[in-house]
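Open the model in your viewer and keep the sequence panel beside it. Could you take a short walk through it, one selection at a time?

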Amino acid sequence: MTEPLWDLVVVGAGPAGSTAAIAALHADPDARVLLLDKDDFPRDKSCGDGIAPHALDVLADLGVTGLVDGYAPVSRLELGRPEGPSVAGEMTRPAHVVPRAVLDERIVRVATGRGAELRRHRVREVVTQAGEVLLDGRIRARVVVAADGAGSTLRRDLGVAPTPRRRTALAIRGYAPVTPERAAAQVITFAPIAWPAYAWSFPIGDGTANVGYGEVLSPGRPLRRTDLLHRLDLMLPGASNGAERWKAHLLPLSTGRARQPDGRVLLVGDAASLINPLTGEGIYYAVLSGSLAGRAAVTTPDPGRAYRAAMRRRLGRHLRGTDLVAALTRSPRVVDGGIAAAARDRRVFDVLVEVG
């Protein structure tokens with residue numbers, strides 16, 4: 001038996017999906033919005049947990065504040081390569097490190113507080129039909145936002161191909177007691193082996209740090225958990241001592257353009273392969289794409305076309321730029337040159353921070 005028609009159904013209640021629900025209700029407080037997620041909240045997600053100020057700006061424009069309350073800002077960034085150039089400096093705007101178990105629940109609670117209904121449900125089938133979308137044979141929506149992650153079921157059922165020339169990275173993260181020398185800075189160390197790859201230590205502010213390692217997958221070069229942890233220890237000695245809650249995940253990196261077809265299903269966040277190809281950062285892309293999709297879903301008769309145009313305006317140039325820089329930085333020599341230049345010139349340092 002089918003349900004009454006929803007104005008918007010969002011599949012996946014992470015930052016992208018919850019922001020889409022918030023944006024829809026911000027644009028139309030009377031909209032009927034349903035949030036679906038396969039898990040209960042709070043729930044953990046594999047992530048570096050770094051929250052760029054740009055992401056908070058997007059949410060503040062929707063009237064969402066307080067998401068990083070209780071977590072101290074981190075203003076210092078250290079970049080380098082073992083036995084190579086390095087640079088350290090204060091970022092123009094500080095970042096925050098908030099575990100996803102906390103951040104995601106805070107955002108989803110804003111969405112439900114604004115009027116969205118949250119339901120635990122795993123979507124297995126999507127069918128587009130005249131004027132609406134049908135999920136699992138019974139949930140009807142005028143528009144659906146697909147925020148169901150890198151392995152998106154909805155994207156697959158729609159037959160939307162991954163972005164051209166897409167590369168995929170594999171990363172692992174855990175939580176460990178932060179080492180004294182890394183307690184006040186976000187630390188990123190680029191690997192001299194298995195390039196491109198890097199290790200990180202991001203202090204949370206409670207005596208622990210999110211630590212991890214990731215690299216781009218190559219054909220014929222399988223990666224095991226032991227490989228990832230070994231390389232993390234090589235890059236950041238001692239960072240993983242006492243670590244727990246290890247999680248690994250795949251990152252489908254952006255390649256200059258996201259594929260959004262016409263129609264009533266809008267792809268956001270990881271489902272649209274919106275992940276920075278240089279750093280693996282995805283939360284900013286998640287909330288920005290979610291905000292644009294949520295608004296388009298309830299304000300336009302052709303949401304697919306409107307959302308695609310909005311994405312092109314807001315991210316098109318940026319994605320083309322990061323794609324170009326990512327191609328250049330496949331050479332360790334180029335990365336060394338960039339780090340050395342950032343150490344000499346504050347403006348170059350600021351550009352590196354902004355691009356990442």
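The tour below moves from a sheet to a helix pair and then to the cores.

Keep in mind that this is a predicted model.

**Stop 1: the sheet**

Select β3, β5, β4, β11, β12, β13, β10 and β14, in that order. These eight strands form an open sheet with mixed pairing. Which strands lie at the edges? They are β3 and β14 (244–252), and each pairs on one side only.

**Stop 2**

Start with β3, residues 50–51. Its antiparallel partner is β5, residues 86–97, and two bridges link the pair. Click Gly-50, then look for its bridge partner in β5, Val-97.

Leu-79 stands opposite Val-87 of β5. β4 and β5 also make a hairpin, with five residues between the strands. Zoom in on the turn: Glu-83 has a positive phi of about 60° there.

**Stop 3: strand β12**

Select residues 197–203, which are β12. Is this strand enclosed or open to the outside? Seven of its seven residues are buried, so β12 is largely enclosed by the rest of the structure. Buried here means under 20% relative accessible area. Check both faces. On one side sit Ala-197, Ala-199, Ser-201 and Pro-203, and on the other Tyr-198, Trp-200 and Phe-202. Both faces are covered.

Next, show the two partners of β12. β11, residues 185–190, pairs with β12 in the antiparallel sense over four bridges. Val-187 has Ser-201 in β12 as its bridge partner. Six residues lie between the strands of this hairpin, where Ala-194 takes a positive phi near 50°.

β13, residues 208–216, is antiparallel to β12 too, over seven bridges. Here Tyr-198 has Gly-214 as its bridge partner. The hairpin of β12 and β13 has four residues between its strands. In its turn, Gly-205 has a positive phi of about 105°.

**Stop 4**

Select β10, residues 168–177, together with β14. The two pair in the antiparallel sense over seven bridges. Find Tyr-175 and its bridge partner in β14, Glu-244.

**Stop 5: two helices**

α2 covers residues 53–61.

Now bring in α6, residues 283–299. How do α2 and α6 pack? Their axes are 8 Å apart, at an angle of about 20°. The two helices are therefore roughly parallel to each other. Their crossing is left-handed. Show the side chains where they meet: His-54, Ala-55, Val-58 and Leu-59 from α2 face Ile-283, Tyr-284, Val-287, Leu-288 and Ser-291 from α6.

**Stop 6: the cores**

In soluble globular proteins, nonpolar side chains tend to be buried together. The largest nonpolar core in this model has 95 residues. Select Val-9, Leu-135, Val-144 and Val-145, the residues with the most contacts inside that core. α6 gives the largest share of this core, 11 residues.

Centre the view on Val-144. Leaving aside neighbours within four places in sequence, its contacts include Leu-8, Val-11, Leu-154, Arg-264 and Leu-266.

Finish at a second, separate core, which has 19 residues. Among them are Ile-172, Ala-191, Ala-209 and Trp-246.

Terms used: Residues are numbered from 1 along each chain as its sequence is written. This is a predicted model: local features need pLDDT of at least 70, side-chain atom pairs count only at pLDDT 80 or more; totals for chains, interfaces and linings use all residues. Side-chain values use heavy atoms; hydrogens and water are left out. Buried means under 20% relative accessible area, exposed over 50%, partly exposed in between (1.4 Å probe, protein chains only). Two strands pair if DSSP finds at least two bridges between them. A nonpolar core is a set of buried Ala, Val, Leu, Ile, Met, Phe, Trp, Tyr and Cys residues joined through side-chain atoms within 4.5 Å. Contact means heavy atoms within 4.5 Å. Axes are lines fitted to C-alpha atoms, for helices over the stretch in contact, and angles run from 0 to 180 degrees between N-to-C directions. Angles under 35 degrees count as roughly parallel, over 145 as roughly antiparallel, 65 to 115 as roughly perpendicular and the rest as oblique. A crossing is left-handed if the near helix is turned anticlockwise from the far one by less than a right angle, and right-handed if clockwise.
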